[in-house]
Amino acid sequence: LAKAGPPWLAEVGLTHFYSQDVLAALKRVFAQGASAQSLAEAFSKEPSWMGAPSCRVRCSTTHDETAWDAAPPVLFGGLNAAQCAQAIAHVLPGTPLLYSGQEVGSAQALSLVERTPIDWSTHPEMRLWTRTLLSARTSNPALVSGDVAFSGTDEVIVVHRTCEKGGSNAACLVANVTD
């Protein structure tokens, strides 16, 4: 697993890469008020050498992001916005990633080199929401292997997933992301 880097990483057998461009687009949309369409643009411009979209690691934070920038509730402008960014990352093709504390909406900055205890009692309702999100991800064939399409406006993101096998469909709609 690596951040998107030189193509030779794929040539030597690395199979999964962090989707850094999509993560950066999520940050621009939520934290800087960029157009929601920039997310679709980032997704469509992912380099082909990274393999199929199913080989991308999708996330709304990583160990680097939480240590150097901020935890999702701070970075995205609140717990609800952090949930929306996480949902978008989890409905895109690839392998979803939850980083320590996301499952309880922790706003703590976590050190890369020192142990930072997480308050697991923070936002207990987030555990159920996270479980529901992951359950939907694994139980709906469209979210496992379906095609992806984007629609929406500057302030609305809609991610559509469709799978011919079983006629499965799913959609994730996030509105007012620039507020």
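How many cavities of 30 Å³ or more does the structure hold? Before the answer, a word on the basis: this is a predicted model, in which local features need pLDDT of at least 70 and side-chain atom pairs count only at pLDDT 80 or more, while totals for chains, interfaces and linings use all residues. Residues are numbered from 1 along each chain as its sequence is written, and side-chain values use heavy atoms, with hydrogens and water left out.

The structure holds three such cavities of 30 Å³ or more, where a cavity is a set of points, on a 1 Å grid over the protein atoms alone, at which a 1.4 Å probe fits but cannot get out, and where lining residues have an atom within 4 Å of a point. Grid points are joined across faces, edges and corners, and the volume is the space filled by probe spheres set on the points. The largest cavity has a volume of about 50 Å³, and its lining consists of S60, P72, P73, L79, A82, Q83, Q86, Q102, G105 and M126. Among the elements, α5 and α6 each supply at least two residues of this lining, and α6 gives the most, with four residues; helices (H or I, at least four residues) and strands (E, at least two) are DSSP runs, numbered from the N terminus. By class the lining of the largest cavity divides into five nonpolar, five polar and no charged residues, with Ala, Val, Leu, Ile, Met, Phe, Trp, Tyr, Cys and Pro counted as nonpolar, Asp, Glu, Lys and Arg as charged, and the others, Gly among them, as polar.

In soluble globular proteins, nonpolar side chains tend to be buried together. The largest nonpolar core here has 29 residues, of which L26, F30, L39, F76, I88, I157 and C172 touch the most other members; such a core is a set of buried Ala, Val, Leu, Ile, Met, Phe, Trp, Tyr and Cys residues joined through side-chain atoms within 4.5 Å. Two or more residues of this core come from each of α2 (20–32), α3 (37–44), α6 (79–91), α8 (141–145), β6 (156–163) and β7 (168–175), and α6 gives the most, with seven residues.

A search of the whole structure finds four salt bridges, each a side-chain nitrogen of Lys or Arg within 4 Å of a carboxyl oxygen of Asp or Glu. In one of them, K27 meets E65 at 2.7 Å, N to O, a pair that links distant parts of the chain, with K27 in helix α2 and E65 in helix α4 (residues 63–68), 38 residues apart. K27 counts as buried because its relative accessibility is 17%, and E65 likewise counts as buried, at 14%, buried meaning under 20% relative accessible area, exposed over 50%, and partly exposed in between (1.4 Å probe, protein chains only).

K27 also forms a salt bridge with D69, the closest N and O atoms being 2.9 Å apart. Because D69 lies in the loop between α4 and α5 (72–75) and K27 in helix α2, this pair ties together parts that are 42 residues apart in sequence. D69 is partly exposed, with a relative accessible area of 42%.

Elsewhere, R58 forms a salt bridge with E46, with 2.8 Å between the closest N and O atoms; since R58 lies in strand β3 (residues 56–58) and E46 in the loop between α3 and β3, the pair ties together parts that are twelve residues apart in sequence. Both R58 and E46 are buried. The network asked about above consists of K27, E65 and D69, joined by salt bridges that share partners.

How values were computed: On a 1 Å grid over the protein atoms alone, a cavity is a set of points where a 1.4 Å probe fits but cannot get out, and a pocket is an open set with protein on both sides within 12 Å along at least five of seven lines; lining residues have an atom within 4 Å of a point.
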